[in-house]
Amino acid sequence: MPMSSIILLLSDILIFKEINCYGYHGLIAGNKAISDCLNGEKSKYSDLNMTPSEFIQENGYPAEDHLILTKDGYLLTLNRIPGPKNAPAVILQHGYSATSFDWVILGKKKGLAFLLAKEGYDVWLPNARGGIFSLCHVNYTSSEYSFWDFSFHEVGMYDLPAVITYISKIIDSDIYFVGHSMGTTSFYIMGVRQPETASKVKAMYSLAPVAYMNHVRGITRLVTKLANPVQSLIKKLSAGEINEPGLLQNLLTQELCGKSLVNKRVCLFFIFSAVGFNYSQVNYTLYPLLFELQSPPSSFKTAVHYAQIIDSKKFREYNYGIIGNLKKYLDLIPPEYDLSKLQVPIGFFWAENDYYSSPQDVQRLYDVIPNKILYHKIKDPKFNHIDYIYGTQAPELVYKELINAIKNYQNNK
């Protein structure tokens, strides 16, 4: 059966059959291969003892789970903390190599999802393709290269539109969007290429915005030139997937990095060499779980795409080489994303010590975006790229300001 027919078939009968998938009550057609995938992938990829929704419920909040289908055949899990009737919705989109756990892991007193729920919002937590909780496709398994043949472009073109369209059909209230890192990159792409879908969002807030990457610092810049040749090796060894579970991951997360404080600081040194050094924001109690949450499966093509942006100094589509570009784009070079066409009102949160989202690149992005509503500098001069999610002071330095910004926009729109 052609791919398009399968997707249409699933779309037609998706609402009828409910099954249990990794503890989720999702909606899916009666397809055994997909059912087996949904029930089996979590145990393959994670040692976590609970799903995001189980964690939410353990912290005293109600939780729902939804399963949605993208136009190109990926099945995405979507967690929800339902709000009061007609409450405004807030979508929290995680970054690269992450999951919806990002928004709750700090607990009910500090996690952004919980803080928004406490303020009366209807909170939605999507899991992008390729993460622990979105590892199924109608045609491919996660052991095939075709499954991993995507970058943040596809997340912006397919995942986010599917999420926003799905939510807009369920609720009859305003929708706000918050993205971190790749969650911002993919939103910009959707906003440029699918403005009608993006217009369903009243305002978008970018935490550590990533589009232009001329001034990336740290080890990432050093390894950028290796991305393309390494991709070929990754394709041969792991079907285009990185962070594949195994002995090395267990050694790093449980043995080497999870033992003494000295070991933890050594491991953090390597992480900070990529995101920015800031030991003051580390919660060592959560430390072992943070390593687990930062090592789910990921598409290496995404990393290569970011490396290409760093190298080219342009925010543009994936570069397949001259022949590949001619086939795909009918041009020698990939087309750029025209950010001047992005009409959604956008607020920016940025930090001086963020190695990925540098102040210069954020300023360049801010200057080209036509409809900006906020430009907030994080007060901690050492705040780094992952402190937005795991930092001990994230609630005070980021979340409080963010929630106030959403409220002010609601009141003044």
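Predicted model: local features only at pLDDT ≥ 70, side-chain atom pairs only at ≥ 80, totals over all residues.
Residues are numbered from 1 along each chain as its sequence is written, and side-chain values use heavy atoms, with hydrogens and water left out.

Strands here are DSSP runs of E with at least two residues, and helices are runs of H or I with at least four, numbered from the N terminus. Two strands pair if DSSP finds at least two bridges between them. Strand E8, residues 175–180, runs parallel to E9 over six bridges. E9 also pairs with strand E12, residues 346–350, in the parallel sense over four bridges. There, Met204 stands opposite Ile346.

How many of the seven residues of E9 are buried? Six are, so E9, residues 201–207, is largely enclosed by the rest of the structure. Buried means under 20% relative accessible area, exposed over 50%, and partly exposed in between, with a 1.4 Å probe and protein chains only.

Now helix H14, residues 321–329. Its buried residues are Gly324, Asn325 and Tyr329. They cover an arc of only 100° around the axis, which puts them on the same side of H14; the arc is taken from the directions from the helix axis to the C-beta atoms. Ile322, Ile323 and Lys327 are exposed on the other side. Just after H14, Leu330 has a positive phi of about 60°.

Finally, the whole chain: 17 helices and 13 strands, with 57% of its 413 residues buried.
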